[in-house]
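Trainee: I have a model open and some questions about it. Can we go through them one by one?

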Amino acid sequence: MKNSFIAILAVITATALGASSGLYIKSLSFSSLALAGFRMSVPFLVFLPSMIRKRTFLGPPRMRKRVIAASALNALRMLLYILAYKMTSIANAVVLLYLWPLFALVLDAVHKKEKLKIREVLLILLAISGVILLNLQKGFSFAGSTMIGNLCMFLSALSFSFTALIFKEALKDHNEGEVVYFQNGLGALVFLPFMILESIHSSPAEIALGVLYAFTVGVLAWVLFFLALKGLSVFQYGALTYIEVFFGVLFGMLFLDEGMTVFKGSGIVLVLCASVLSRLAPAPKRGS
């Protein structure tokens, strides 16, 4: 019971920290490339000494190739994630991020070379309807920064559906800090130069805020997420992570004056319903 309570507290804290990403990204003047450098380099550097001592800094021996590939994809995902927060509202970004369980459902069908069932098709249509409603408040258009930002988060969520499965498997043999290191490794190497170059011309306060963003969201939040993933069932963990949407919408309304409209509220509900149902429904017995 005690361990379960700690895991629940960990995931709730992690969702609040994760939802604060938009506030940092929108307040910092760094480019998306430099912000990706902060976000991925700080966690990488925090755990690097430990990984060198353990001689596992090149990745886990059992699944090294897959983890390296996932780390590369995660670097692209992080850049898209930051671009999304820069170009669209916090509410839009955090809601679209939670399309990833639905993507995981579709990817499973593709991987097993099975046709999507009616239930799965209906969930996809439900999510698409929600995405359309999210954009109707400003007139649905394929142009403009909001639409581009939404597309970036859409692609980021798709990427996350790939990487989440690989890093979850890595947790079987490695602790939370080690998996955070693997997750950020290649992205840190790619984006670190941009962070250094822009930091030269930035104020100490701006740099400190960038480091704080990376540590709270990139280190603390993810360690707590992985800790919770070990201590909770998939159902409990999946249900609790949706609190991040609540925090994201709340932060946007409190700190950035992001309003709420009927279209926006309806879109949020439809996307979340599709995502929640994709997790709660029993796994389809494919190939039977």
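Trainee: Leaving aside neighbours within four places in sequence, which residues is Ile12 in contact with?
Mentor: This is a predicted model. Start from helix H1, residues 2-19, where Ile12 lies. Set aside the neighbours within four places in sequence, and the contacts of Ile12 are Ile243 and Phe247.

Trainee: Is Ile12 buried, partly exposed or exposed?
Mentor: Buried means under 20% relative accessible area, and exposed means over 50%. Ile12 has 30% relative accessibility, so the class is partly exposed.

Trainee: How far apart in space are Ile12 and Phe225, C-alpha to C-alpha?
Mentor: In sequence, 213 residues separate Ile12 and Phe225. In space, the C-alpha to C-alpha distance between Ile12 and Phe225 is 8.9 Å.

Trainee: What share of the contacts in the protein with a separation of 6 or more comes from residues 24 or more positions apart?
Mentor: The protein has 13 helices and zero strands. Among contacts with a separation of 6 or more, residues 24 or more positions apart account for 88%.

Trainee: How is H3 oriented to H9?
Mentor: Two packed helices are described by the angle between their axes and the distance between the axes. For H3 (residues 32-54) and H9 (residues 176-200), the axes are 5 Å apart and the angle is about 130°. That angle therefore makes H3 oblique to H9.

Trainee: Which residue classes make up the contact of H3 with H9?
Mentor: H3 passes H9 in a left-handed crossing. By class, the contact of H3 with H9 has four charged, eight polar and 18 nonpolar residues.

Technical notes: Residues numbered from 1 in each chain as written. Predicted model: local features only at pLDDT ≥ 70, side-chain atom pairs only at ≥ 80, totals over all residues. Heavy atoms only, no water. Axes fitted to C-alpha atoms, helices over the stretch in contact; angles between N-to-C directions. Helix = DSSP H or I, 4+ residues; strand = E, 2+ residues; numbered from the N terminus. Parallel < 35°, antiparallel > 145°, perpendicular 65-115°, else oblique. Left-handed = near helix turned anticlockwise from the far one by under 90°. Nonpolar A, V, L, I, M, F, W, Y, C, P; charged D, E, K, R; others polar. Contact = heavy atoms within 4.5 Å. Buried < 20%, exposed > 50% of the residue type's maximum accessible area, 1.4 Å probe, protein only.
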